Amino acid sequence: MPSTLKSQSELSAKIDYRDELEKAAKLMIRIHSMDTLVKMILRTIIRIVRIEHASLLIYDAARHAYVAHTSKGMAGLKIPKGFTRISSENPIISYFAQMHQQAVKTDHLLFSHIGLIGGQLQEKIRDEFLLYNARACVPGFFRDKLIFALFLGAKQNYEDYTDEELGFLSVLASDVVMAIQNASLFQSLNDQLLKNKNLFLQTVFALSQAIEAKDHYTQGHTERVTQFSLNLAEELKSMGRISLKEAKELFENLRISALLHDIGKIGVPEAILNKNGMLDEQERVEINKHPLIGANILIKIDEFQEPILGVKYHHEKFDGTGYPEGLKENQIPFIARIIAVADTFDAMTSDRPYRKAMLKEQALCLIIEQSGKQFDPQVVDALSSFCRKASITAKE
Amino acid sequence: MKILVVDDEVEVGNFLVDFLKRLGLEAEKAICGADALAMFGRVNPDWVLLDMKMPDLDGLEVLVKMKELNPNIKSMMITGKSDEVSESEARSLGVRDYLVKPIDLSELRTKIKTYIMDGK
């Protein structure tokens, strides 16, 4: 052989495996998507070891089987994603499980070494290798669980796998174990977070219902004010008054705040809340305490620090004549200014102990009249824009 | 024995054709129902291995049309879910058996050997 033509094995001996492993480790840190990571690792394997195909079958608990998750390599040989499965009783899986149980370290199984296994299992394993056109299989254990089997095709030069290549493969396989483990941890963490968040919102909703139970005249008021506040915020967003960046957080806080805006009425005597007629001075003082009572009920809960502002200040007026603190204009937190409009609009348009409901158009006129006095002009703008749209839809 | 593989997923089609060839069978692939019908006369297969769900026609519709061209055509189906196949309708069209994805390759091989190679 002329000296310039080196054999494949001589060439591959020049590959810096440590360098490749370092690159793979860096990928692990940078990429959090398990699918992407697995794809890149398989691609690395094919490029470095130069094999015809590599297919990863990952354990699927629901199916009690290992399902083809990712494969790379030549058309026809690589296993299409999701197309095949091998059961947990598959001879190759059984072999790895047995070796693991007997504490025999098994980083791989080579087609050329199957003869050493002996017994009945040997033929069955050979058969499985042929089905998958595989020359090597690398197991992926996490603790005592075999979480995947990596089927590897023939090398492009048809030589057997070298020890160096096998060592390289087993390190990459443990990277894949980590990637799968991380992904599933991340998933369960996310599930847990979502569950907690739902629980939190349901608790808030339950709390908001407490006041509805006490105050007979405000049936559905809390939910309507919440929906209406969110509609106004949506309107403010489309008018460019709320940046897209702050919108998500503001919407979440606004929802909670609106649901709880009257929670302080729990501390107001029922006789006053349900009085059929005008309130006297002393009764007015009592009922005006509800924003502060509400804020005090919620103050211990970390998640409520923003929503509390809406509870505490939804009776402040833009010109500084409201309560409890007589704040004005921008001193009044934005969510409180939104709830103030939604709250008043709903109160005007529903029946109350001392008067009948007003028409929506009438209520809107009264609120517009109070723009810059009782209410923030930009929220009033949002209300008239919303009502215009709503009346157009109603006419259609 | 000549087999026509019909599957809209190119990778699946390639894989199945290769798999059948490794078992010593002659195989060709079509990438959709219309393609399969267009190839049918030229290839003149003894068997079709059909994907149940394809974008243009479903597997059974393709089979009805193939039966018109060759009443002796025999078939096996691959489906996404077991309930996708109306068992009686499939049997009446001469479907020998079906496999549910993800399939077990040794089961596929056994079925191919039993039905196609040994003609049982």
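This is a predicted model: local features need pLDDT of at least 70, side-chain atom pairs count only at pLDDT 80 or more; totals for chains, interfaces and linings use all residues.
Two strands pair if DSSP finds at least two bridges between them. Helices (H or I, at least four residues) and strands (E, at least two) are DSSP runs, numbered from the N terminus. Residues are numbered from 1 along each chain as its sequence is written, and chains are lettered from A and ligands numbered from 1 in the order in which they are written.

**View 1. Strands of chains A and B pair.** Strand S3 (residues 84-87) of chain A runs parallel to S6(B), with 2 bridges between them. Arg85(A) has Asp104(B) as its bridge partner in S6(B). The predictor assigns the complex an ipTM of 0.90 and a pTM of 0.65.

**View 2. The side of chain B that touches chain A.** Chain B gives 14 residues to the contact and chain A gives 15 residues (two residues are in contact if their C-beta atoms, placed from the backbone, lie within 7 Å). Helix H1 (10-22), strand S6 (103-104) and helix H5 (105-117) of chain B each give two or more residues to this side. H1(B) has the largest share, 6 residues. By type, the side of chain B holds 6 nonpolar, 2 polar and 6 charged residues. Here Ala, Val, Leu, Ile, Met, Phe, Trp, Tyr, Cys and Pro count as nonpolar, Asp, Glu, Lys and Arg as charged, and the others, Gly among them, as polar.

**View 3. The open sheet of chain B.** The sheet has 5 strands in the order S2-S1-S3-S4-S5 (chain B), with parallel pairing. Strand S2 (26-30) and strand S5 (95-100) of chain B are the edge strands, and each pairs on one side only. From one strand to the next, the twist averages 20 degrees. Strand S1 (residues 2-6) of chain B joins S2(B) through 5 bridges. Leu4(B) has Glu28(B) as its bridge partner in S2(B).

**View 4. The largest nonpolar core.** This core (buried Ala, Val, Leu, Ile, Met, Phe, Trp, Tyr and Cys residues joined through C-beta atoms within 7 Å) has 78 residues. Buried means that 20 or more other C-beta atoms lie within 10 Å of a residue's own, placed from the backbone. Cys137(A) and Leu150(A) touch the most other members. Helix H3 (residues 34-49) of chain A gives the largest share, 8 residues.

Methods. A residue is buried if 20 or more other C-beta atoms lie within 10 Å of its own, exposed if 12 or fewer, and partly exposed in between; C-beta atoms are placed from the backbone. Axes are lines fitted to C-alpha atoms, for helices over the stretch in contact, and angles run from 0 to 180 degrees between N-to-C directions.
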